[in-house]
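Work through the following exercises with the sequence and the model open side by side. Each task is followed by a solution in steps.

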Amino acid sequence: MSYSPPPRARSGPRRRTLLASLAGTTALLTGCASDPAERAASAATRARARAARDSAELLARYDAVLDAHPALADRLSPLRAAVAAHRDAFGGTPEDGATKGAKAQKSPLPVPTASADRKEALTSLASAERTVADRRAAALLEVPGELARLMASVAAAGSAHAYLLTEAAK
């Protein structure tokens with residue numbers, strides 16, 4: 001007579017169930033973005049669009065400061081032109097940023113308008129430039145070569161703008 005062990009009640013899921021679940025999860029995760037090149041292109045597209053929006057917002061801020069303080073035109077116009085070129089380099093269009101006539105309403109923050117507040121307006125503009133430059137520098141690790149070079153160059157220009165604006169506010 002042979003001895004057979006007593007039947008046990010299974011306490012967890014069966015091996016087949018676990019394997020099927022694992023296979024389904026893997027397919028689900030890889031199915032969302034199965035191609036690494038596709039994921040990289042998508043990240044680059046998002047980064048480029050974000051950079052264009054950031055430049056458009058900076059442009060609106062420059063326009064708002066220029067509207068509030070026309071005496072700063074000689075100092076700010078070259079920087080504003082560079083920001084417009086950055087927006088265009090990232091694929092933005094003039095409609096994405098502020099254009100003459102719609103400047104103040106598109107500015108993310110109110111601009112001090114009193115003549116004594118020029119210093120505050122320049123400081124605010126410098127802070128915005130610094131914030132965007134830092135964001136672009138942080139994004140360099142997530143984008144492919146050519147876009148990373150463009151973002152590094154524009155981030156460096158933004159840092160230079162922040163320095164010039166800070167010095168002008170003194």
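**Exercise 1. Helix 3**

Task: Compare the span of helix 3 with the span expected at 1.5 Å a residue, and find which residues of helix 3 are buried.

Solution. The model is a predicted one.
- Step 1. Helix 3 has 17 residues, and the distance from its first C-alpha to its last is 23 Å. The expected value is 24 Å, so the span is close to expectation.
- Step 2. Residues count as buried under 20% relative accessible area. In helix 3 these are Leu76, Leu79, Arg80, Val83, Ala84, His86 and Arg87.
- Step 3. Viewed down the axis of helix 3, the buried residues fall within an arc of 155°, so they line one face of the helix.
- Step 4. Asp74 and Pro78, on the other side of helix 3, are exposed.
- Step 5. Just after helix 3 comes Gly91, with a positive phi of about 95°.

**Exercise 2. Salt bridges**

Task: State how many salt bridges the structure holds, and describe the pairs Arg80 with Asp63, Asp88 with Arg87 and Glu146 with Arg149.

Solution. 
- Step 1. There are 6 salt bridges in the structure.
- Step 2. Arg80 and Asp63 form one of them through their side chains, with an N to O distance of 2.4 Å. Arg80 belongs to helix 3 (residues 73-89) and Asp63 to helix 2 (residues 36-68), so the pair ties together parts that are 17 residues apart in sequence. Asp63 is buried, at a relative accessible area of 0%.
- Step 3. The side chains of Asp88 and Arg87 meet at 3.0 Å, N to O, in another salt bridge. Asp88 has 41% relative accessibility and counts as partly exposed, while Arg87 is buried at 5%.
- Step 4. Glu146 and Arg149 are joined by a salt bridge of 2.9 Å, N to O. These two residues lie 3 residues apart in helix 6 (residues 145-169), a separation of about one helical turn. Glu146 and Arg149 are both exposed.
- Step 5. Salt bridges with shared partners link Arg50, Asp54 and Arg135 into one network.

**Exercise 3. Helix 5**

Solution. 
- Step 1. Helix 5 has 22 residues and reaches 32 Å from first to last C-alpha, close to the expected 32 Å.
- Step 2. The residues buried in helix 5 are Ala121, Leu122, Leu125, Ala126, Ala128, Glu129, Val132, Ala133, Arg136 and Ala139.

**Exercise 4. Packing against helix 6**

Task: Describe how helix 5 packs with helix 6, and how helix 3 packs with helix 6.

Solution. 
- Step 1. Two packed helices are described by the angle between their axes and the distance between the axes.
- Step 2. For helix 5 (residues 118-139) and helix 6, the angle is about 160° and the axes are 8 Å apart. Angles over 145 degrees count as roughly antiparallel, so helix 5 and helix 6 are roughly antiparallel to each other.
- Step 3. The crossing of helix 5 and helix 6 is left-handed.
- Step 4. Helix 3 and helix 6 pack at about 160°, with their axes 11 Å apart. This makes helix 3 roughly antiparallel to helix 6.
- Step 5. Helix 3 and helix 6 also cross in a left-handed sense.

Key: Residues are numbered from 1 along each chain as its sequence is written. This is a predicted model: local features need pLDDT of at least 70, side-chain atom pairs count only at pLDDT 80 or more; totals for chains, interfaces and linings use all residues. Side-chain values use heavy atoms; hydrogens and water are left out. A salt bridge is a side-chain nitrogen of Lys or Arg within 4 Å of a carboxyl oxygen of Asp or Glu. Helices (H or I, at least four residues) and strands (E, at least two) are DSSP runs, numbered from the N terminus. Buried means under 20% relative accessible area, exposed over 50%, partly exposed in between (1.4 Å probe, protein chains only). The arc is that of the directions from the helix axis to the C-beta atoms. Axes are lines fitted to C-alpha atoms, for helices over the stretch in contact, and angles run from 0 to 180 degrees between N-to-C directions. Angles under 35 degrees count as roughly parallel, over 145 as roughly antiparallel, 65 to 115 as roughly perpendicular and the rest as oblique. A crossing is left-handed if the near helix is turned anticlockwise from the far one by less than a right angle, and right-handed if clockwise.
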